[in-house]
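Subject: Structure handover

Hello,

Here is the structure for your work. My notes on it follow below.

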Amino acid sequence: MLRSHLLSRFTCLGDKCEDTCCQNWSMQMDDVTLTRYREKAPQLLSAVETEADGSHIMRKNPESGFCVKLEGGMCGIHKTFGETFLGDACYFYPRVTRALGNRVVMTAAMSCPEIVRLALADEQACALDDAVADRLPQSLKNYLPENVSADDALAVHQAFLAATEDTRASAERIFLRIASVSRSFERIDQKSWVQSAQFYLTHADERLLPAASNPADPFNLLHALSGLIVAAKKKPSARLMQTISDMEKALAVTLDWETVQINLTPQSADAYQNIKNIWDTEAAVHYAPILRRWLQMQMALALYPYAGLGTTLSERISIIGVRLATIKLALMCTCSIYGAVLTQDVVVRIVQSLSRFLDHLGDAGFSLQIYSETGWIDEKRMRGLLED
């Protein structure tokens, strides 16, 4: 298999993790592991519950939100029975494994704080290393298109990963290049992507449309985020609410979670101008590498252009673009409050808390509806959103 380089350095922090995956998530249980419980450890069956749709998840303590098998910050199943008794969701997280034909690619999700730390500190975090795995997920989805070889598909994916390594360009410009190529790809046969990818990427700047800006975009970004949180019908984490609270304060706005409205004040326009001035003159240079690495991780996570949220390349890249703008705005707002150079812990909290929510939305429909209403699906508006 091929594995993102940062996973060679990853170790679960266990009870030292500041936002454990053992809390507030419905960790799925696969049928193979459930059968192992029935045959070899029936006492573990009480830790599994069945959903209305027939799927199985690890049972959570209704008061704390923690898995009932969490013991002092460590998994009691892992400690007592070993890792072979962990279901796929628990065994592999934060690793994400997908297939391109006979090629298996493993990367990681930035909803894990330690993955964020590793990703933001290493330019080679997403480089694909040869690796061997003792176990693969029971349900390993194959994303290889028909009539395309695994090697060709992998070469296309690696071309997009390589595009994010251009240290002479901002993450915003790299994203716009990738978005332009994605729209071009939609007009040609997938078998031609491998021959076209590098040419399109090299000449993407020449094809970019002029920006169409909207002064309301920063406020719309925060409003859109709050709308998605309400629609998800899950209580947001304290870390995410801290990130949102800082954005409200910096933008001089308040969110009404009952009506899902954003309330601006007479100071809001000037507040954003102050945020932008601090970013442009003091902060942007510090966060350019962070935003590039975030974008690279998104390309890796989506096995781009073959997977990701959305059914078409235009949908997938639009969702990534709005998320890039949201991460950037959160950093901008926080810098305006605490100073241009944030501590690593604050940066990790911002990136991870937003990723934990946004990267685990199961459906693209509502996101795309919001982004269409704000105009961000349009190529010119997306450029204005990111570069203004």
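Which residues lie nearest the centre of the second largest pocket? They are Cys12, Cys90, Tyr91, Tyr93 and Arg95, and the lining holds 45 residues. The elements that give two or more residues to this lining are strand E6 (74–75), helix H2 (76–81), helix H3 (88–92) and H4.

On the basis: this is a predicted model, with pLDDT of at least 70 needed for local features and 80 or more for side-chain atom pairs, while totals for chains, interfaces and linings use all residues. Residues are numbered from 1 along each chain as its sequence is written, and side-chain values use heavy atoms, without hydrogens or water.

The pocket holds about 1,000 Å³ of space (the volume filled by probe spheres set on grid points joined across faces, edges and corners). A pocket here is an open set of points on a 1 Å grid over the protein atoms alone, where a 1.4 Å probe fits, with protein on both sides within 12 Å along at least five of seven lines; lining residues have an atom within 4 Å of a point. The lining divides into 28 nonpolar, 7 polar and 10 charged residues (Ala, Val, Leu, Ile, Met, Phe, Trp, Tyr, Cys and Pro are nonpolar, Asp, Glu, Lys and Arg charged, the others, Gly among them, polar).

Helix H4 (residues 113–121) is largely enclosed by the rest of the structure, because 8 of its 9 residues are buried (under 20% relative accessible area, 1.4 Å probe, protein chains only). Helices are DSSP runs of H or I with at least four residues, strands runs of E with at least two, numbered from the N terminus. Strand E8 (103–108), helix H11 (268–301) and helix H13 (344–358) are among what covers the buried residues of H4, by contact (heavy atoms within 4.5 Å).

Regards

How values were computed
Buried means under 20% relative accessible area, exposed over 50%, partly exposed in between (1.4 Å probe, protein chains only).
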